[in-house]
Amino acid sequence: MKRNVTRCTGSNSRIEELSDGTVLFASLPPEFNADRIRKEMRCNPGSRDEACLEEMLACAAANGRPKALYRPCYIDARDGNEHTIEGVTFSGPLLRRQLAGVHRVFPFVVTCGEELTALAPPLGEALERYYWGSICTAVLRSAHRMMRKDLRHRYQIPRTAYISPGSGDPWLWPIEQLRAIFELLGDKPEMIGVELRPSCAMIPQKSICGFHYASEIEFHTCRACHMEACPDRLVPLDPDFWNELRRAGR
Ligand code: SF4
């Protein structure tokens, strides 16, 4: 697999605070744990697959430009499952449960960046696409950690949790609510190359969007998700928690 390779170093990282409080990461270092990816991909030593994976790891390290943004917003009003933030209405039982007692949220978008998306192997190359997708996910998660670290430091918040529309069972916080978050963020997602399609798919596909909020308790939507075969599950389904949200959703 031949790719154009240009050098990218951590010192290229650019962070800017805009006049409306948006913190914008125009280019973050493409960090990932290469050993963990090697282990997960289980390539036979000395195989062609292993050589391909190594080439991809080097390519991602050289070309990756993950990006992110967040900004502080205050909850103006709440009524059951509905929350109004700067005139935009959000609705879902997950919000009611997780934002009880929370007055400020940080809508955010993180992306692995269009640079890596543009280098994805062609559709027919299933294994290569699998490798590349796993690397892009690792880059995305690492960029999310960097953004979260900045948020906690900048706002002196010891711990935060986050929720995302469409994560977990669909009614928890419907994916269509991505439109409301993008409305809140205005043209800023465009500044990091993220587009929300009418279908509510984000482009680049390896992007995350949601609310961060101050919380002492770590939260994973997997607690209320029935996707049994999900390889990314972080915690088991919690039936009591799920029932509590289901009742709130009625
Ligand atoms: S189990 Fe999988 S699909 Fe469900 S919320 Fe967790 S990571 Fe997402």
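This is a predicted model: local features need pLDDT of at least 70, side-chain atom pairs count only at pLDDT 80 or more; totals for chains, interfaces and linings use all residues.

User: Which residues in helix 1 meet which in helix 5?
Analyst: Ile37, Glu40 and Met41 in helix 1 meet Tyr131, Ser134, Ile135 and Ala138 in helix 5. Contact here is C-beta atoms, placed from the backbone, within 7 Å. Helices are DSSP runs of H or I, at least four residues, and strands are runs of E, at least two, numbered from the N terminus.

User: What surrounds the ligand?
Analyst: Ser167, Gly168, Thr221, Cys222, Cys225, Met227, Cys230, Asp232 and Arg233. The cut-off is a C-beta atom, placed from the backbone, within 6 Å of the molecule.

User: New topic. Where is the cis peptide bond?
Analyst: Between Ile203 and Pro204, with omega about -5 degrees. Pro204 sits in the loop between strand 10 (202–203) and strand 11 (207–214).

User: And what is phi of Arg42 near?
Analyst: Near 50 degrees, a positive value in a residue other than glycine. Arg42 is in the loop between helix 1 and helix 2 (48–63).

User: Is Arg42 buried or exposed?
Analyst: Exposed, because 8 other C-beta atoms lie within 10 Å. Exposed means 12 or fewer such atoms, buried 20 or more, partly exposed in between, with C-beta atoms placed from the backbone.

User: Where does Gln156 lie?
Analyst: In the loop between helix 5 and strand 8 (160–163). Gln156 also has a positive phi, about 50 degrees.

Technical notes
Residues are numbered from 1 along each chain as its sequence is written. Two residues are in contact if their C-beta atoms, placed from the backbone, lie within 7 Å.
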